[in-house]
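Hello,

Here is the structure I promised to pass on. Please have a look at it first, and then read my notes below.

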Amino acid sequence: MRYLFSIATCALTLALTGPAFAQAGNADPSPGAPAGTEVRVPNTEARVPNFFGASGLLAAPSAYVQGRNTATAFVYGHEDFINGGFLAGLADRFEVGLGILGGLNGFGRDNVNFLANAKLSLLQESGSRPALAVGVTDAFDRLNVGPSWYVVASKYFTRTELETDFALKGHAGFGGGIYDEEPFFGGELFFGPNFSAIGEFVNSRFNLGARYNYRGWAASMGVFDFSDFGGGLSYTAKFR
């Protein structure tokens, strides 16, 4: 119940401070779409923070970064921890974030850690080429598993390419630390511009979830390793 109270408190704070910002643009043109093609672009480019504070899915990061002058506030609750903080784009290809993670079980009850994240986009996505990025989660090893470095590629497939009414974003990468020096994979399937289903394989575990985006807000829910539940809210805004 404690993490649900934290989520509700953050939601109220963001609702009160939101008008100070211009709403972030959430829909980007579909990479490589033919001129004049009408494509239902998802309401997000997978730039919602994950449960550890980096743009991505549930635990897996993506190769996408926050846009220039864009900032996201987030709070997530998991059965083992609470994590809340901010993620910002300092340039078109670089994002940094800071989260405050409180462990409830796995990290020791009431143990608070500051998680610093950073990600650099090496290649931007094109019609035939995936996006590629390198990054680090928990750069100062506050979780005592080593800095969680990673390299990840992401690709967006439009419904015209898939010949379906859906859109898919696929992600694949490799990392250390919390990623346990193993490959990780994930996908986000969009049912229209606002709602998506998420599946990922991270640290030898399968995670499933869903996300709803609306006017800068994103609500995420997930079940980790088919046993642990979590959820959270984020709000993305662009500075005037």
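A word on terms before the details: buried means under 20% relative accessible area, exposed means over 50%, and partly exposed is in between (1.4 Å probe, protein chains only). Please keep in mind that this is a predicted model, in which local features need pLDDT of at least 70 and side-chain atom pairs count only at pLDDT 80 or more, while totals for chains, interfaces and linings use all residues. Residues are numbered from 1 along each chain as its sequence is written, and side-chain values use heavy atoms, with hydrogens and water left out.

Let me start with the charged pairs. The structure holds four salt bridges, a salt bridge being a side-chain nitrogen of Lys or Arg within 4 Å of a carboxyl oxygen of Asp or Glu. One of them joins Glu188 to Arg211, with 3.8 Å between the closest N and O atoms. Both Glu188 and Arg211 are buried. Because Glu188 sits in strand β9 and Arg211 in strand β11 (residues 205–214), this pair ties together parts that are 23 residues apart in sequence. Strands here are DSSP runs (E, at least two residues), numbered from the N terminus.

Another salt bridge links Glu125 and Lys155, at 3.6 Å between the closest N and O atoms. Glu125 is in the loop between β5 and β6 and Lys155 is in strand β7, so parts 30 residues apart in sequence are tied together. Glu125 is buried at 17% relative accessible area, and Lys155 is buried at 10%.

Asp92 and Arg68 also meet through their side chains in a salt bridge (3.3 Å, N to O). Here Asp92 is partly exposed, at 45% relative accessibility, and Arg68 is partly exposed too, at 39%.

Now for the nonpolar side.

On the surface, a nonpolar patch with about 700 Å² of accessible area together includes Leu90, Phe94, Val134 and Trp149. Patch residues have over 30% relative accessible area and no salt bridge, with nonpolar side chains (Val, Leu, Ile, Met, Phe, Trp, Tyr) joined within 5 Å and like charges within 9 Å; areas come from the Shrake-Rupley method with a 1.4 Å probe, and for residues only the protein chains shown count as cover. Strand β5 gives the most to this patch, with three residues.

Best wishes

Technical notes:
Helix = DSSP H or I, 4+ residues; strand = E, 2+ residues; numbered from the N terminus.
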